Structure formats: C-alpha cells, structure tokens
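Here's a quick briefing for anyone meeting this structure for the first time. Take a look at the sequence and the model, then read on.

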Amino acid sequence: MEQAPRKTSFLQAARAVFWSFFGVRKRTDYDSDAVKLTLGQVIAAGLIGAALFIAVLLGVVYLVTHLAAK
Amino acid sequence: MEATHALDHGHDHGPTTGLMRWVKSTNHKDIGTMYLWFAFIMLFAGGCLALLIRAELFQPGLQIVQPEFFNQLTTLHGLIMVFGAIMPAFVGFANWQVPMMIGAPDMAFPRMNNWSFWLLPVAGGMLIASFFVPGGASAGGWTMYPPLFLQGGISNDMTIFAVHILGVSSIMGAINIVTTILNMRAPGMTLMKMPLFVWTWLITAYLLIAVMPVLAGAVTMLLTDRHFGTHFFNAAGGGDPVMFQHIFWFFGHPEVYIMILPAFGIVSQIIPAFARKPLFGYASMVYATASIAILSFIVWAHHMFTTGMPTSAQLFFMYATMLIAVPTGVKVFNWVATMWRGSMTFETPMLFAIGFVCLFTIGGFTGLVLAITPVDIQLQDTYYVVAHFHYVLVSGALYAIFAGVYFWLPKWTGHMYDEKLGKWHFWLSTIFFNILFFPMHFLGLAGMPRRIPDYALQFADFNAMATVGAFGFGLSQLILLVVVLKCIKGGEKAAGHTWEGAESLEWTHLSSPPPYHSFVIPPNVK
C-alpha cells in the first residue's frame, strides 16, 4: 500500500527535473510538485537527470563521430 | 505582547557614530553599503585601466604605454572588474536586500559578514599595489595561465595571495547568504514565495561554495610550482600547463554565472514592478536558474577549444554549451512576456532593465556563435571574444547593477534620485557602450588579436571609434556618482512603497529609509 505513492512521487520528481532542464513548468503541475515532492527527491532526481543528460550528449557525440568515420 | 514590545525597544537604537561604525559594523545594511562603495571605487579603478588600454589603442603604433605595461593593464583590468567590482557589488545587494526581502532582522552570521567585507580592501589594495613592485603587476592575463604566470616577479605572488583572500571572502559571504535564506525566512515565506532575487542569490551562493575552492586549489598549485619545486603545470618537470586551464575554467565558467544569475534576479524584480504585472512564469524562472547553474559545470572546455582536445570532447562541449541557451532563452521570453500588455512606465531602473534584456541577448547570441567549435577556432583570442564577454558583463551584469541601484536607492537613502540625471546616465551609457563594443565584433571577425598594444592599419578606424566610445562610457559613469551623492545628501522624500508595482517585503512593510534594525519582529507573510 505504501509503495504506490512513493513510485508516483519518483516519477513526478523525474518529470519535474526534466521540465526544469528545459526551464518551463505548467502551473498546475508545479502546484502539485510543491505539495508532493520532498527536497531529497528533487536533488536525487536532479543528479540522476544530470548524469542522464551527460550520457545522452556522449551518445550523440559517439554517433556523430562514428557516422563521420564511415 | 509585552515581551515583544520590550524586544522591539531593546533593539531600537541607531548606529554608533564615526569611523568605528563602519570598521566594527555587524549590521547588514552598513556592510551592504560598504560592499557597494568598495565595488564602485574598484569600478572606477578598473575603468581607468581600461581607458589607458583604449587610449593606447586609439591609433596604431605605440604612443602612450610600453607593451609590458599594456599587458599589466589588461590583466589587472580583468581581475579588478571581476573580483573587485562585479562580485562585491552583487554581494552588497545581497546584504542590503536579502534580509529585508525574506523578513529577517539581519544576516545569519553578522560578525563573519564584517570579516568577509574587510578582507576585500586588503585584497583590492594588494592588487593595485602590485603595479608598484619591481617588474610591475601581473601581466599574464586575468586567467593566470602558466607557463607565463610561473615566470613573473613578486606581483604574481601578490595576485595569488589576493585571489586566495577574495576566495575566502566569497565563501564566507556565500555561507552567510545560504544560511540566512534557509533558516531566517519570516513565517509564511516559503521557498517558492521568495522574491526571485533571493532565489538567484541562493543558487549563486551554492555555485560560489562549489567553485571558489577549485580556484584556490589551482592558484595554490601555481604557488607551489613557483616556490616549492612542484611541477603541476611545468612541462619540463613532467607537468601539464593545459591541466591548469581545465581546472581554472572548471571554476571560470560557473564564475560567469555567478556574475550573471544575481543580475537575472535584479531584473526579475524590476520588470514586474514597472510593467505592473506579476513575473510571468515565476516557477519556470526558478527552474531555469537551477538548470543554468547545473549546466554551467559541464561546459568549461569551450574556453579552450584551441588548446588541444579530442574531436569527441570538442563536440560534447559544443553541444552542452549550445543547450545552455535553452533555459537562458526561457528567461528572456519570460521577461518579455511579463512586459507584454503591462502598464509600463520607463523610469531609470526600467530603462536599464530593458537595456539589459536587449544587450545581454546580443551577448548571449555571440556566445552561441563562439560555442561552435570550428568558428571558435577562428575567433579564439580575437576582439570578437572581447565584444562577446563585454556585452555579457557590462550590458549584462553592470547594467543590472545600475538598474538595482536606481531601483533601491530611494529605499536605501530615503530620497528620490534625480530622474533626469538617471535618464541621461542610461542613454549616454547605452549609446557610448555600443560605440565602444559593437565595432569590436568587426575587428574580431577581421582577425584583430586581443591583448596586443599595436595593430595593423586596416583596424585603425574601428579602434578609434571604440576609444571614443570608451571615454564617453567612462565619463558617463560620473553621472551615477553625482546621482548617488545627491541622493544621500537629500532631495525629495521617498515613500515607503516607492514603486507601486513592487511587491516584496522591503516595499510593503518598511519605511524609506528602513530602520537601522528592521524586522526585529518578523512579519507574517500570506
């Protein structure tokens, strides 16, 4: 029973961080973030998000350099 | 009730008089004032160095200074403006404004606040004094790159020491600001109700705590290379000078955001006040600021595309740098959307804020141009780069400082500033600023290198134009000095709520000037 809300909040933290990297957040979503998310969740999601962002960039670089090599 | 009454009276005293008021002050307003005056003095000191540079560059050939001294001028101009003018000015704003905006009585650590200010004149004095030691001041550029920096005289040690002291001051200031914001907000002032200026300073303070030790480490390694036989950056001993550049710019790029995020905060207070509308997308502004801060840690090597790195690294840093434009663009759109259909008036703070939005955007765009690796390899160390970062730091950071000074002067002094002089200051600054820096784009595209006192004949006209702009811009700043002095001396009385569109606590709850000890009893924020 206790697992469900935690899962939702983690997804919500991930969504909030995704939108913050873009720099935009819908008012209704933001209001629900403010109520449901804890600082720890946001920081954890932010660190994971930053690592993913770097990984995606490295992936793009890998693709570009390997396509150029062909 | 009686207890609070007694508490109120217990703290209802003014400042002590005389010099000791300033030496021993633990009051955030006094310390803020000292920070701002220090920054203003250093602005004029750094400005005089810039005018000497421009005077030499008025014509081709060497007329006024020798090349060695020219290098000292460019180095100290950079160091003084970055560490002596822009950063202390923003800390001055933080000292004055943060406690009043969150409903706190003072900063969290008032004695540490005094100490972090009084370190500054020592470091600033040491930088200026280094001109007078044998060999003259540091001449290797504000970035202190080895091997040049390993070779200079005692002035390089003075610069290292000054940078250490400035770093300690910044870290103490940042800890103070973070603690104040997180622990001393009035009841009801939740994080997401804080004025955006407070948010930008909270994020900036974290950036400072993260990167100032990196700079301290880099200059300590320079020091041990110079005097204690290490070879961190000395290729002859197995070291790597390029490693210094990586460490320096790991500090240096977040440093750029340390100088611009508080500017975003000031502009985000002013535009809603004069558009008489709430800031468009407050939450997205907070998120965008946080994103910019995080991204600022993964773009550093765009400063060193030409020093040698694998293609994959060049691509990574190019993509990351270009992506940082997204949250920055969100901010610009939010400011424009705030103004859209607002009841706008154009008092001096608003003029400088709009000037900021327009001119900073030009600086941002040229930054995007420089982010493209092959273009940067062409433009590295040309005047295009000089034009780019002056559009970011002068019409960006400095314009926001001017805007903030005009905005809060009535609050700080209790008197209205001279609006007519303020407008003169804005228009003359803006016209001369563009005459000064816009031609530098053309000079850079045509290949004129920076940090060189002489140049080929084809660059003469644009250089002459830039020098005229420089003297015009420099002299225009004297208007601000007159405005500030007039405002301190007297003038029309300012109302507590000077700008009816401004909604933060210092306007709605405090008189102008505010009491020496404000918010002894915290306000209730709804």
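Helix 4 of chain B is largely enclosed by the rest of the structure, because 32 of its 36 residues are buried. Keep in mind that this is a predicted model.

**Helix 4 of chain B**
- From its first C-alpha to its last, helix 4 of chain B reaches 50 Å, close to the 52 Å expected at 1.5 Å a residue.
- There's a bend of about 35° in helix 4 of chain B, and you'll find it at Met81(B).
- Just after helix 4 of chain B comes Gly103(B), which takes a positive phi of about 75°.

**Helix 3 against helix 4 in chain B**
- Two packed helices are described by the angle between their axes and the distance between the axes.
- For helix 3 (residues 28-56) and helix 4 (residues 67-102) of chain B, the angle is about 155° and the axes are 7 Å apart.
- Angles over 145 degrees count as roughly antiparallel, so helix 3 and helix 4 of chain B are roughly antiparallel to each other.
- The crossing of helix 3 of chain B past helix 4 of chain B is left-handed.
- As for what sits in the contact of helix 3 with helix 4 of chain B, its residues split into 23 nonpolar, 8 polar and 2 charged.

**Chain A**
- Of the 70 residues in chain A, 16% are buried.

Conventions: Residues numbered from 1 in each chain as written. Chains lettered and ligands numbered in written order. Predicted model: local features only at pLDDT ≥ 70, side-chain atom pairs only at ≥ 80, totals over all residues. Axes fitted to C-alpha atoms, helices over the stretch in contact; angles between N-to-C directions. Helix = DSSP H or I, 4+ residues; strand = E, 2+ residues; numbered from the N terminus. Parallel < 35°, antiparallel > 145°, perpendicular 65-115°, else oblique. Left-handed = near helix turned anticlockwise from the far one by under 90°. Nonpolar A, V, L, I, M, F, W, Y, C, P; charged D, E, K, R; others polar. Buried ≥ 20, exposed ≤ 12 C-beta atoms within 10 Å, placed from the backbone. Expected span 1.5 Å × (residues − 1). Bend = angle between axes of the 7 residues up to and from the residue.
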